[in-house]
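User: I have a model open and would like to go through it. Can you start with the overall layout?
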Amino acid sequence: MKPTIALVGRPNVGKSTLFNKLTRTQDALVADMPGLTRDRQYGDGKVGGWPYLLVDTGGLSGAPDSLDAAMADQTLCAVREADLVVFMVDGRSGIVSVDEEIADILRRHARHVMLCVNKIDGIGEDKAQLDFHQLGFDNMVSIAASHNRGVQQLIEEIGDYF
Ligand code: GDP
Ligand code: MG
C-alpha cells in the first residue's frame, strides 16, 4: 500500500500551496484567508520517485466554535491515518501558541512528524529553523512552497522514512 502523508498546521501557513506542488494539481484552494480548506483533500504525490497518498487538511486551530471543531476532527482523523505528518509552520511569524498546541497533539497522535518551516523566501534559512527547534521535532526542513524552493529536498527527506 502507498504510504499516506498528511499536511497539518494552523490556517494560512501554506498547506494547500504545498499540496498543489506535490500533486502537480490546482485541486486545493489556496487563499489569503485562514480556514478555507474544511474537508480533507486527497491526492497522489507526483513529486519524488515513489508513490504516496497526500492529504491536505483544514488545520488545527484549537478554537472552540463548531466549524473549527469540525475541522479539528477532520485533521485528527488525517493525523491518525497518516504514516507521516508534515507539520507546517510559518517561518516569518515564528512560533505562535497554536503551533505549540498542534505540536502537543502530534506528539500524542502522530506516528512520525517532519517539521516544515514554510515561507522562508526573504528570510534566512538558519534563522527560520532556529526558532522552531523548541517545538521539539528532530526532523526539520525549510521551504518556500509558493516559490518551489526546497520542495524537492523535502520530498527526498520524506522518502527516507519509507
Ligand atoms: P493553508 O491555509 O495552510 O492551506 O495555506 P494556503 O496554501 O492557502 O496559503 C496561504 C497564503 O500563503 C496564500 O496567500 C499563499 O499564496 C501564501 N504562501 C504559501 N506558501 C508561501 C511561501 O512559500 N511564501 C510566501 N511568501 N507565501 C506563501
Ligand atoms: Mg488550505
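Analyst: From the N terminus on, the elements of the protein chain run β-α-β-β-α-β-α-β-α-β-α. Helices (H or I, at least four residues) and strands (E, at least two) are DSSP runs, numbered from the N terminus. This is a predicted model: local features need pLDDT of at least 70, side-chain atom pairs count only at pLDDT 80 or more, and totals for chains, interfaces and linings use all residues. Residues are numbered from 1 along each chain as its sequence is written, while chains are lettered from A and ligands numbered from 1 in the order in which they are written.

User: How many helices and strands does the protein chain come to?
Analyst: Five helices and six strands.

User: And the sheet, what is the strand order?
Analyst: The six strands form an open sheet in the order E2-E3-E1-E4-E5-E6, with mixed pairing. Its edge strands are E2 and E6 (140–142), each pairing on one side only. Two strands pair if DSSP finds at least two bridges between them.

User: How do E4 and E5 pair?
Analyst: In the parallel sense, over six bridges; E5 covers residues 113–118. Met88 stands opposite Cys116 in E5.

User: Which strands does H4 touch?
Analyst: H4 (residues 125–132) packs on the sheet and touches E4, E5 and E6. Its direction makes about 145° with that of E6. Axes are lines fitted to C-alpha atoms, for helices over the stretch in contact, and angles run from 0 to 180 degrees between N-to-C directions. Two residues are in contact if their C-beta atoms, placed from the backbone, lie within 7 Å.

User: Switching to ligand 1. Which residues come nearest?
Analyst: Of the 20 residues around ligand 1, Gly14, Lys15, Ser16, Thr17 and Ser146 come nearest. A residue counts as near if its C-beta atom, placed from the backbone, lies within 6 Å of the molecule.

User: Which helix gives the most to that shell?
Analyst: H1 (residues 15–23), with three residues.

User: Is H1 buried or exposed?
Analyst: Mostly covered: nine of its nine residues are buried, Lys15, Ser16 and Thr17 among them. Buried means that 20 or more other C-beta atoms lie within 10 Å of the residue's own, with C-beta atoms placed from the backbone.

User: What do they pack against?
Analyst: The buried residues of H1 pack against E1 (4–8), E2 (41–44), E3 (53–56), E4 (84–90) and helix H5 (151–159).

User: What follows H1?
Analyst: Arg24, whose phi is positive, near 50°.

Conventions. Buried ≥ 20, exposed ≤ 12 C-beta atoms within 10 Å, placed from the backbone.
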